[in-house]
Amino acid sequence: MLNIKNLHAAVEGNAILKGINLNVKAGEVHAIMGPNGSGKSSLASVLAGREAYEVTEGSVDFDGKDLLDMSPEVRAREGLFLAFQYPVEIPGVSNINFLKTAVNEIRAYHGQPPMQAKAFLDMLKSKQKLMEFDANLMNRSLNEGFSGGEKKRNDVFQMAMLEPKLAIMDETDSGLDIDALRIVSAGVNKLRGKDNAFIIITHYQRLLEYIVPDFVHVLYNGRIVKSGTKELALELEEKGYDWLKEDIRLEEPVQ
Amino acid sequence: MSAEQDILQELAGREYEFGFETQIEMDIAPPGLNEDIIRFISAKKQEPEWLLEWRLKGYQLFQKLSMPTWQNFKLPEVDFQGVSYYAAPKNKVKYNSLDEVDPELLATFAKLGIPLEEQKMLSGVAVDAVFDSISVATTFKTQLHELGIIFCSFGEAVQEHPELVKKYLGTVVPQADNIYAALNSAVFSDGSFVYIPKGVRCPMELSTYFRINAKNTGQFERTLIIADEGSYVSYLEGCTAPMRDENQLHAAVVELIALDDSEIKYSTVQNWYPGDKDGKGGIYNFVTKRGICKGKNSKISWTQVETGSAITWKYPGVILQGDNSIGEFYSVAVTANKQVADTGTKMIHIGKNTKSRIISKGISAGHGHNTYRGQVKVGPNATNARNFTQCDSLLIGDRCGAHTFPYIESKNNTAMVEHEATTSKIGEDQVFYLNQRGIDNEQAVNMIVNGYAKEVLNQLPMEFAVEAQKLLSITLEGSVG
């Protein structure tokens, strides 16, 4: 589904990603871990098409199409979803209208007619139930005055509504208390299927107890330095990242 | 009757016959401003002597007054002698139904998206359409008539209800208020007149569409609305104007009078031609609007959505004279390209326990400049006066400007005056967030702007709110790359 080859990216001339290679197939969940500043969130931003990031080398294939050639909204319509580390507030824009617009824009892109109000509300209700999402938040302005946890849950709820092929979750667990974490994880698990895939970016192994990944990658200094299965996450939890840094230093050629 | 007059009348009659087949003929006064022109206008409109005197007094004041210098924009030179002060469709007849109205005129309205017939049936809105300066179609008159409501053109009111016009004209906006108000009082063409009798709640939104059509004729509308004791009225004013090369002056005066326990809600969607991308052409919209809460427990509420005009310069205000009266001002002003808006309100607290509320939302894009200028004045007898002002500015891009000039003056120490102001930029983060959900830039900006202006748009009647939202979108089209 997603094939990243030798991806390099920079912000204002500073190299942030330095040759990422990653292959994600339908039905898989990949976790990306790594210390602060290793480039995890940058990878999410580059994939979603944030303007400040300049791709300097490499390619990204998304279901047979050149992802890097698409505008951010086209990437979204093609089925790439980003759950934000910091979802923004948009005052005065109702959550429902926003979702309806998003759903219909995506449908229009695929040549489908706009959803009828009734059908949309039915879908809204069923997803609300599935994700245990507070109906009161639905009628409020988009994220306005939401707590950190509510914003994250709103993002995951949007994910349920938009049914993306590939969801990238950028530190969705940060700012969530243990109950919210459980609910969000349960929601994600319900959305997992053989046709979609997840990239879960996180600092902590805790989230991965709830959403069990098929693969774990460690990102350090703009590169994936180690890949493994879920056991790798446990190892990281136990030992921290320093042992990996040591390994890498040994591998780096002496200047 | 002299032979000459006979011939004139015959010609006039002939024109009437053929008038419907060709372009609407205009009866245009030669450009220029002098006493003769004023007499000409007054005679054309068959006005009583007292009104002519009043106009002439206005003209004298106009000559004495000088241009303001406090505005936050460069006031363009206006050639008052180059303007024609009277233009009217020549074949003025009274219509009993829309079928009798010139089809070409109706087609023009249709182009502007104002199908009278449809509005009549669908929205229950009585429309007093002003085409250039003279009213041509008035609907729903009968229904209003049964309730004793008077809703007619200003000219008609002068003929049929002179006592009301004489009693209230110029009582809220004095002729000497400012140079443009003086000019308007000298040369006003037509406008609307509304009177709601005691205890009557007007069952429909009263609506007038203004439109500038004749070339190079300034529009000088005059509107007077009187809500008698315990009555209620909601009035809508909306306007569109076609493309135009020369600058056009629009200097209207609106006066509202609310007596005891009455309420007037006045909503405007202003969409005059704003000029091209370089600011060429466009309307100068220099308007004086003011209401007085004359009676106790009365309320006046102004709501305006200003998207058009090269320059918008107006401060709809409320004089809170009656005890416990309430004044409100809700405004969205958008400036794109080279547009300028210097707008706000005046709330003058005179009576006890008077309250005012000001919500102003400025949006600047392109090279647009948006100024909020407001005055809150609390008089010595205005015990327990309350004011809340919120004035927000939203910037799109980095070449536009937002400015705020709030003036607060309190002479009563029981008064409470609050002022809040924010300035924000449409964040790239917000746009990107919406992009990431499949929404393109244009629509993302629309959503953000409409959300920002929602508090004001919510004040508008439903059908107007939809139109206003569309206008915001159209105005900001292409302002985010």
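Predicted model: local features only at pLDDT ≥ 70, side-chain atom pairs only at ≥ 80, totals over all residues.
Helix H2 (residues 35-44) and helix H3 (residues 49-64), both of chain B, pack at an angle of about 150°, with their axes 10 Å apart. Because angles over 145 degrees count as roughly antiparallel, H2(B) and H3(B) are described as roughly antiparallel to each other.

- The crossing in which H2(B) passes H3(B) is right-handed.
- On the H2(B) side the contact is made by B:Glu35, B:Ile38, B:Arg39, B:Ile41 and B:Ser42, while H3(B) contributes B:Leu52, B:Arg55, B:Leu56 and B:Tyr59.
- Sorted by class, the residues of this contact between H2(B) and H3(B) are five nonpolar, one polar and three charged.

**The helix pair in chain A**
- Helix H6 (residues 148-162) and helix H7 (residues 178-191) of chain A pack at an angle of about 10°, and their axes lie 11 Å apart, which makes H6(A) roughly parallel to H7(A).
- From H6(A), the residues A:Arg153, A:Val156, A:Met159 and A:Ala160 meet A:Ala180, A:Ile183, A:Val184, A:Val188 and A:Leu191 of H7(A).
- The contact of H6(A) with H7(A) has eight nonpolar residues and one charged residue, with no polar residues.

**The interface of chain A and chain B**
- In this interface, 31 residues of chain A are in contact with 18 residues of chain B.
- Between them, chain A and chain B bury about 2000 Å², of which 63% is on carbon and sulfur atoms.
- Two salt bridges are found across the interface, and the side chains of B:Arg437 and A:Asp155 meet in a salt bridge with an N to O distance of 3.2 Å.

Methods: Residues numbered from 1 in each chain as written. Chains lettered and ligands numbered in written order. Heavy atoms only, no water. Axes fitted to C-alpha atoms, helices over the stretch in contact; angles between N-to-C directions. Helix = DSSP H or I, 4+ residues; strand = E, 2+ residues; numbered from the N terminus. Parallel < 35°, antiparallel > 145°, perpendicular 65-115°, else oblique. Left-handed = near helix turned anticlockwise from the far one by under 90°. Contact = heavy atoms within 4.5 Å. Nonpolar A, V, L, I, M, F, W, Y, C, P; charged D, E, K, R; others polar. Buried area = accessible area lost by both parts, 1.4 Å probe. Salt bridge = Lys/Arg side-chain N within 4 Å of Asp/Glu carboxyl O.
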